[in-house]
Amino acid sequence: MNRGSIDKTLIIIVIALIIIGLIAVYSSTSVLASVKAKYADRGGMIYLQKQLFTLVIGFFLMILFIFLSPSRLKNIVFPLLIVSFVLLILIFSPLGVTAGGARRWLRLWPSVFQPSELVKLAMVFFLAWFLSRPGYQKQKIKDFLIPVGLMGLFHIIFLKQPDFGAVMTLGIITFAMLFIGGVSLKFLGVTSLLALPVIFYLAKEPYRWKRITSFLDPWADPQGSGFQLVQSLIALGSGGLTGQGLGEGKQKLAYLPEIHTDFIFAHIGEEMGFIGVCAVVVLFFLVCMRGFRIATKQYEPFYYLLASGITIMISIQALINFAVVAGLVPTKGLPLPFISYGGSSLVVNLIAIGVLLNLSRTASYVSITDLSIRQRKTEAIKKYYYRRRF
């Protein structure tokens, strides 16, 4: 069966984000790479070269998933889940890499990989399959505890690393998909209430509590616990309307830690100004809109949930990163999709976009061949989820 064309608008938006990211990575790391002894002979290009190498891998996998038969997407649910779980466990083996007091990476030639990024995508696939099963019943506590229990298992491993940002992100993705999938609201409400004491207990860890207090008043200790947030706000504020110009930012001169990864949005604000910041926000908003547009055109519950889950995964990570950089939530390590330096996030998010583009071809085919069929199937899906929720 010949299928429709892919969503070209989504491709253009993602490419625009990647180009902005490459410019920002080079600008934010050129000085850092030049002063490092082991990179001195390669100038300021080393980080950009690594990002481009990862980008090639990501594009290859994205294209692979674009042209994968949609029926095969269900077949990779459990292999993807098992692989992500095994990689996550291997972090605690000799292959694991510790940096900044956390053990979150695997040493895989020629670089490192962060399995938590793959876990998020694997969980989206699993939830899409689980919630679309014909035998799924919202009234059964077992059908609620299975996905929540799997999420809890991943949370335990994340906390051993520790990686509280991954815990929070995976929790939001899981609960959002359970809500969309028609899970009883009373189950979600009770679980949320029971989780509050656990969250409070985890927040009492000294380094996490320091992050919370510095978030509430970063200027109380601008040279200590509040240093990173203060420097981030300075970067955003000093950019003005049009920015200081590409390469002219000052915060990259060892003032703002992690400026090329978790805080690259602040660097964009400093060098590209309010206009650059708004452009990035608008592009992510368009990714969100296109993703949900693809989801609403799907004619099978699994595809609908998969497209929705991927859109939520990308949008939530971008939203949290914006909030962290702007001082709206406590600081946590979470890259900005498609823009931050780091291969794991870039590769996984490009795979996710590949799946979305794959599903856009199916939606396009149905709308071209028989609009009435698509309308009937869309109405059937809406009634299906309405009955499950109420």
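Colleague: Where is the place of Pro162?

Modeller: Quick heads-up: this is a predicted model, so local features need pLDDT of at least 70, side-chain atom pairs count only at pLDDT 80 or more, and totals for chains, interfaces and linings use all residues. Helices (DSSP runs of H or I, at least four residues) and strands (runs of E, at least two) are numbered from the N terminus. With that, Pro162 falls in the loop between helix 5 and helix 6 (164–180).

Colleague: And what is omega for the bond that joins Gln161 and Pro162?

Modeller: Most peptide bonds are trans. The one joining Gln161 and Pro162 is cis, with an omega of about -10°.

Colleague: Which residues have the most contacts inside the largest nonpolar core?

Modeller: In soluble globular proteins, nonpolar side chains tend to be buried together. A nonpolar core is a set of buried Ala, Val, Leu, Ile, Met, Phe, Trp, Tyr and Cys residues joined through side-chain atoms within 4.5 Å. The largest one here has 102 residues, and those with the most contacts inside it are Val280, Phe284, Leu306 and Phe338.

Colleague: Which helix gives the largest share of this core?

Modeller: Look at Leu306, which touches Leu73, Val124, Phe125, Ala128, Val355 and Leu359, leaving out residues up to four places away in sequence. The largest share of the core is 16 residues, and they come from helix 11 (residues 301–325).

Colleague: How far apart are the C-alpha atoms of Val325 and Phe265?

Modeller: Val325 lies in helix 11 and is buried, at 0% relative accessible area. Its contacts beyond four places in sequence include Leu229, Leu233, Phe263 and Phe265. Val325 and Phe265 are 60 residues apart along the chain, yet their C-alpha atoms are separated by 6.9 Å.

Colleague: Phe338 again: what is its phi near?

Modeller: Phe338 lies in the loop between helix 11 and helix 12 (343–369), and it counts as buried because its relative accessibility is 3%. Most residues other than glycine have a negative phi. Phe338 isn't a glycine, but its phi is positive, near 70°.

Colleague: Is Glu258 buried or partly exposed?

Modeller: Glu258 is found in the loop between helix 9 (227–238) and helix 10, and it has a positive phi of about 60° although it is not a glycine. Its relative accessible area is 41%, so Glu258 is partly exposed.

Colleague: How many salt bridges does a search of the whole structure find?

Modeller: Side chains of opposite charge can pair when their charged atoms come close. The cut-off for a salt bridge is a side-chain nitrogen of Lys or Arg within 4 Å of a carboxyl oxygen of Asp or Glu. Searching the whole structure on that basis gives 4.

Colleague: How many residues apart are Asp7 and Arg290?

Modeller: Their side chains meet in a salt bridge, 3.0 Å from N to O. Asp7 is in the segment before helix 1 (8–35) and Arg290 is in helix 10 (residues 264–296), so this pair links distant parts of the chain, separated by 283 residues.

Colleague: What about Lys120: what is its relative accessible area?

Modeller: Lys120 and Glu117 both lie in helix 4 (residues 115–131), 3 residues or about one turn apart. Their side chains meet in a salt bridge at 3.6 Å, N to O. Lys120 also contacts Met313, Gln317 and Leu334, among others. It is buried, with a relative accessible area of 1%.

Colleague: Which residue forms a salt bridge with Arg133?

Modeller: Arg133 lies in the loop between helix 4 and helix 5 (141–160) and its partner in helix 5, so the pair ties together parts that are 10 residues apart in sequence. Arg133 is partly exposed at 23% relative accessibility. The closest N and O atoms are 3.4 Å apart, and the partner is Asp143.

Conventions:
Residues are numbered from 1 along each chain as its sequence is written. Side-chain values use heavy atoms; hydrogens and water are left out. Buried means under 20% relative accessible area, exposed over 50%, partly exposed in between (1.4 Å probe, protein chains only). Contact means heavy atoms within 4.5 Å.
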